[in-house]
Amino acid sequence: MKMKRCLSLAACAALLAALCACGSVSQDKLESVMDKYVADGNPQRAAQLAETWLSQQKESDYSHAYLYEKLADLYENDLSAPDEALATLQKGYEATGSSNLLDRLIQTATGNSLNQLAGVFPTSEELVLEGRPFAQWTGEELQAWLPVTEDSYNDNGTEEWYRVEYFKNENVTISRDQLSGSSTLRVEFDNLGGWDNSYRQEGPEPTLPRGIAVGDDLTVVLEKLGVPETIVPYLADAGSIYFDVTGSEVSVWCSQSEYSSWKYLSIDYNNRDYYGELMFEFRQNLKTGKNDLTCYGLQHRGVQE
């Protein structure tokens with residue numbers, strides 16, 4: 001009876017394996033079959049099934065991220081194949097865009113966790129306007145500070161407002177958004193270096209942190225912000241990068257841009273010394289091939305008005 005039961009389990013596993021190989025089984029059943037092969041001392045067969053199943057999928061999405069992680073674990077822990085584990089993480093990240101896979105990829109490839117970035121990004125004291133930390137500014141002070149142009153555009157409400165001023169060297173927008181009894185104050189310097197309209201006056205220049213200058217590309221800005229050079233190559237080709245800094249933990253989300261000449265970088269600070277966001281936009285000038293059109297933003301939240 002015991003022998004028949006073992007043969008039955010083996011036949012069941014073989015049948016499921018055949019279904020997995022043609023991609024006609026669910027991911028949950030696939031993982032169950034993989035677990036059976038690993039338990040039977042055959043992790044190589046489990047890895048082969050996962051590779052075949054993934055190759056059979058017409059589209060790979062975020063839901064497949066866990067399977068890529070499971071496969072990478074097999075290569076790393078059961079098959080002692082670190083190169084295959086790294087390749088799996090790379091392929092999985094490219095296919096799914098999973099932040100967990102990116103973190104694992106960076107950790108495996110460089111030995112550096114993204115959490116190490118929590119202490120390297122600019123602090124609130126470095127995010128300054130006119131030499132003063134932006135987190136100390138009030139809405140009234142921003143309104144009084146920004147010069148008025150003939151093209152000024154305003155929408156002044158009692159709880160929320162924004163104002164755009166157009167200068168020769170940039171556009172400057174200041175705004176306040178009201179939410180749950182507190183405000184978000186924001187100032188954006190748009191089109192830095194991109195305009196040359198002589199009939200407009202020169203506008204105020206922002207002080208960019210860490211020596212960042214107009215014309216710097218995404219790779220240069222990442223390096224100046226303090227991202228280790230071993231990590232930068234895994235981020236530099238992205239169209240958009242979003243860092244979330246929460247206490248001592250950092251997560252990152254990357255995506256490709258529909259417009260190859262546009263790139264975006266955003267750092268969102270939560271539960272640290274600063275609640276807010278630091279944003280950059282890089283837009284390549286198609287005539288010159290240079291990043292002469294850059295956007296810059298400062299923001300802080302939770303300001304009681």
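This is a predicted model: local features need pLDDT of at least 70, side-chain atom pairs count only at pLDDT 80 or more; totals for chains, interfaces and linings use all residues.
1. **What you are looking at.** The chain has a mean pLDDT of 82, and 81% of its residues reach 70 or more. Among the elements of the chain, helix 4 has the highest mean pLDDT, at 95, while helix 1 (residues 2-21) has the lowest, at 52.

2. **A stretch to read with care.** Within the chain, residues 2-9 have pLDDT under 50 throughout. For these residues the model shows zero contacts beyond four places in sequence.

3. **The overall make-up.** The chain contains eight helices and 11 strands. Of its 305 residues, 44% are buried. If we take the contacts between residues at least 6 apart in sequence, 52% of them join residues at least 24 apart.

4. **Two helices side by side.** Please have a look at helix 2 (residues 27-39) and helix 4 (residues 65-78), whose axes come within 11 Å and cross at roughly 10°. Angles under 35 degrees count as roughly parallel, and helix 2 and helix 4 are therefore roughly parallel to each other.

5. From helix 2 come Gln27, Leu30, Glu31, Met34, Asp35 and Val38, and they meet Tyr66, Leu67, Lys70, Leu74 and Asp78 of helix 4. Sorted by class, the contact between helix 2 and helix 4 has six nonpolar residues, four charged ones and one polar one.

6. **Salt bridges, and one that spans the chain.** The structure has 10 salt bridges. One of the pairs is Arg210 with Glu126, whose side chains meet at 2.7 Å, N to O. This pair links distant parts of the chain, since its residues lie 84 apart. Arg210 sits in the loop between strand 6 (182-192) and helix 8 (218-225), and Glu126 in the loop between helix 6 (99-110) and strand 1 (128-129). How accessible are the two partners? Arg210 is partly exposed at 31% relative accessibility, and Glu126 is partly exposed at 28%.

7. Asp177 and Arg186 form a salt bridge of 3.0 Å, N to O. Here Asp177 is partly exposed, with a relative accessible area of 28%, whereas Arg186 counts as buried at 17%. Lys224 and Asp216 also meet in a salt bridge, at 2.9 Å, N to O. Lys224 is partly exposed at 30%, and Asp216 is buried at 14%. The cut-off behind these labels is simple: buried means under 20% relative accessible area.

8. Thr184 is found in strand 6. Is Thr184 buried or exposed? At 12% relative accessibility, Thr184 counts as buried, because the limit for that label is under 20%. Leaving aside residues up to four places away in sequence, Thr184 touches Ser175, Arg176 and Asp177, along with Gln299, His300 and Arg301.

Notes:
Residues are numbered from 1 along each chain as its sequence is written. Side-chain values use heavy atoms; hydrogens and water are left out. A salt bridge is a side-chain nitrogen of Lys or Arg within 4 Å of a carboxyl oxygen of Asp or Glu. Helices (H or I, at least four residues) and strands (E, at least two) are DSSP runs, numbered from the N terminus. Buried means under 20% relative accessible area, exposed over 50%, partly exposed in between (1.4 Å probe, protein chains only). Axes are lines fitted to C-alpha atoms, for helices over the stretch in contact, and angles run from 0 to 180 degrees between N-to-C directions. Angles under 35 degrees count as roughly parallel, over 145 as roughly antiparallel, 65 to 115 as roughly perpendicular and the rest as oblique. Contact means heavy atoms within 4.5 Å. Ala, Val, Leu, Ile, Met, Phe, Trp, Tyr, Cys and Pro count as nonpolar, Asp, Glu, Lys and Arg as charged, and the others, Gly among them, as polar. pLDDT is the predictor's confidence in each residue, from 0 to 100.
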